[in-house]
Amino acid sequence: MKPIVKWSLVGIIIAGLGVLAYRTFVPRENAELIRPEKGSMKRDKTLSVRVAVLQPKSLRDVIDVSGSLLPDEEVNLSFETAGKITAIHFREGAHVAEGQLLAKINDAPLQAQLRKLTAQLKLMQDRLYRQRALLAKEAVSKEAFQEAEANLSALHAEMDMVRAEIARTELRAPFSGIVGLRQVSVGAYATTATTIATLTKTSPLKLEFSVPERYAGMLKPGSSLTFTVEGDLTPRFAKVYATNSQVDVDTRTFTVRATYPNAGGSLVPGRYVSINLTAREYPNTLAVPSTAVISEMGVDKVFLCKNGKAQPVEIKKGLRTEAEVQVLKGLVPGDTVIVSGTMQLRTGQKVKVVGK
């Protein structure tokens, strides 16, 4: 027997044994599933969808950003002149009032000079009094009287200068606030560059944060916002009071500041805050879920459910939030918009509403 004929007979025998084994061991019901009945390949033309019935609503463009708390005012305290510190009159971390004496440097030479000038003042005043009386009797020239008057004025000016120098040896609070940790001790020599402590005004506080550049010009003074701090989810309310004059060209963001009353001083500057801000609000508008909008070749459309069929409608979009799209044109209140399965829809497609 030729090899070709031989191997052909072997193949036929093996195939026959395979068919016999399949019919013997495969369950009848599985065989029926594998061999579909005639007509079972027909596609179901009805698509189950969810819909939304449009009604006017308030649509807000909400921004969630992070920011920091800043003091209303803050300054590093230092003397206006150099000298040895003779007294410190504040307690670290305490509240101080505007104008309160905080520290003092040695002013003994200036005080001595002031006492000397004060002693001369009485003499000058008496001299001027006598010159005035003599001038009235024409017993002295007018030039002599004017010279005595000028000497008294010069003495007053010199005393004022000494008092100003004494004032420079006193460190006073420029505003009310919390004084921080002191950096010097009594007996230390302080220069005008020496920081004695930091004074911080914590009521009110400022919130500083940045928003994407598309919001530049939208946020106006008076806009409300809420924020929370780490470890405390209690919402707090603040108001925008100022914005930067330009967009940061490096980060493409726009810096905004708001103010928070901070009554009682419960918050301190420097803390991280999470801010929720409404940039724009449309109180009476139509909006659809973003999943309902289909964009094709620059045209935006949605499908309406009418008499059990899908009908496309071209729309004009407005504000877009994370979940919704404002519709400026193309829809009216009461329209039933299909919000699921939109990529499978075709004009005239039969649909079945399964939920809203």
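## Helix packing

Axes are lines fitted to C-alpha atoms, for helices over the stretch in contact, and the angles between their N-to-C directions run from 0 to 180 degrees. In this predicted model, helix α3, spanning residues 108-136, packs against helix α4, spanning residues 142-168, at an angle of about 160°, and their axes lie 9 Å apart. Because angles over 145 degrees count as roughly antiparallel, α3 is described as roughly antiparallel to α4.

The crossing of these two helices, α3 and α4, is left-handed. Sorted by class, the residues in the contact of α3 with α4 comprise 15 nonpolar, 8 polar and 6 charged ones.

## Nonpolar cores

The largest nonpolar core holds 23 residues, of which L207, F209, V211, L225, F227 and I275 touch the most other members. At least two residues of this core come from each of the strands β2 (57-77), β9 (197-212), β10 (224-229), β11 (232-243), β12 (253-260) and β13 (272-289).

Which residues are in contact with F227, leaving aside its neighbours within four places in sequence? They are L69, L207, T234, P235, R236, F237, A238, Y260, L267, V273, S274 and I275.

## A buried threonine

T202 is placed in strand β9, and with a relative accessible area of 17% T202 is buried, since the cut-off for buried is under 20%. When residues up to four places away in sequence are not counted, T202 touches I178, N262 and P269.

Technical notes:
Residues are numbered from 1 along each chain as its sequence is written. This is a predicted model: local features need pLDDT of at least 70, side-chain atom pairs count only at pLDDT 80 or more; totals for chains, interfaces and linings use all residues. Side-chain values use heavy atoms; hydrogens and water are left out. A nonpolar core is a set of buried Ala, Val, Leu, Ile, Met, Phe, Trp, Tyr and Cys residues joined through side-chain atoms within 4.5 Å. Buried means under 20% relative accessible area, exposed over 50%, partly exposed in between (1.4 Å probe, protein chains only). Helices (H or I, at least four residues) and strands (E, at least two) are DSSP runs, numbered from the N terminus. Contact means heavy atoms within 4.5 Å. Angles under 35 degrees count as roughly parallel, over 145 as roughly antiparallel, 65 to 115 as roughly perpendicular and the rest as oblique. A crossing is left-handed if the near helix is turned anticlockwise from the far one by less than a right angle, and right-handed if clockwise. Ala, Val, Leu, Ile, Met, Phe, Trp, Tyr, Cys and Pro count as nonpolar, Asp, Glu, Lys and Arg as charged, and the others, Gly among them, as polar.
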